[in-house]
Amino acid sequence: MRNSKITGPLSRLTALRLAAAGAVSLAIVLSAMTVALAEEGVKETFIPAQEPVPVTHEPGSATGLPVPRFVSLKSGHANLRRGPGTDYPVDWVFVRRRMPLEIIAETSRWRKVRDADGDVGWIWHSMLDGRRTALILEDRSGLPVPILDEPTSNAAIVAYADTNVLARLKSCQGAWCRIEAQGYEGYVARTRLWGVYPNEDFD
C-alpha cells in the first residue's frame, strides 16, 4: 500500500496528485466474464475465515476507547511522526483520505498508529475519524476479490474488487463483512479485509 503514503514532508499539491494517482478501480462483473471464467476452468476461491486471534482491547489512557482499535484517516494529507509532538521528524505523509489505520497507543492529543504495511508512527488526533473503512487484500489465487449479494460463498457476485480498493465498512458478523465501494455494496469474506479484527462483530 505504499501508494497511500510518501516519505518525508511534501507540499499539499504534490500529495493530492499522488493520492489521485494511487486510486484503485473497482472492476464490474458482467455475466460474460463469469461465463468466460467457467469456460477456462477457473474456479472462484473463497477462503474461509481463520480461527480468531484474541486481541486484548484495554481502555485508552486519553479517550477511554479500546486500544487497539481501527479508525480512518480524515485528511488527504497527514504527517506520521516518530514521536508524539511536532518536534519529532516526519517519516511518512499519508495521502489517501479515509484509509484505515490502527490506533495502538494514545496520549491526550496524539495517536500512535499502524497502517496496512505495518509502518508505525504518531499522528495528530484530529486527523483521525471513527468511521470505519477497510482495504481489500490480495487473493491467494491472484484474481480480484468477489463482492457477493449475500453472506455466503455460493451467493451471486455483484462485482470484483482489485487489491487495495478502499471500502466503507457497514457491518461485520462472523466470517463476512458488508462493505460499500465505489457505488457497489455487498459482502466480502472478513479474511480479505484489512481494517477489522478477526473476532470483531458490529452493525
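User: Are Arg98 and Asp129 buried or exposed?
Analyst: Arg98 and Asp129 are both buried, where buried means under 20% relative accessible area, exposed over 50% and partly exposed in between, with a 1.4 Å probe and protein chains only. This is a predicted model, in which local features need pLDDT of at least 70, side-chain atom pairs count only at pLDDT 80 or more, and totals for chains, interfaces and linings use all residues. Residues are numbered from 1 along each chain as its sequence is written, and side-chain values use heavy atoms, with hydrogens and water left out.

User: What does Arg98 form with Asp129?
Analyst: Arg98 forms a salt bridge with Asp129, with the closest N and O atoms 3.2 Å apart; the term denotes a side-chain nitrogen of Lys or Arg within 4 Å of a carboxyl oxygen of Asp or Glu. The pair links distant parts of the chain, 31 residues apart: Arg98 is in the loop between strand 7 (90-94) and strand 8, and Asp129 is in strand 11 (residues 128-129). Strands (E, at least two residues) are DSSP runs, numbered from the N terminus.

User: How many salt bridges are there by this rule?
Analyst: The count comes to 13 salt bridges.

User: And which residue does Arg69 pair with?
Analyst: Arg69 forms a salt bridge with Glu106, at 3.2 Å between the closest N and O atoms. Arg69 lies in strand 5 (residues 69-73) and Glu106 in strand 8 (residues 100-106), 37 residues apart. Both Arg69 and Glu106 are buried.

User: Which residues are joined into one network?
Analyst: Lys5, Asp115, Asp117 and Asp119 are joined by salt bridges that share partners.

How values were computed: Helix = DSSP H or I, 4+ residues; strand = E, 2+ residues; numbered from the N terminus.
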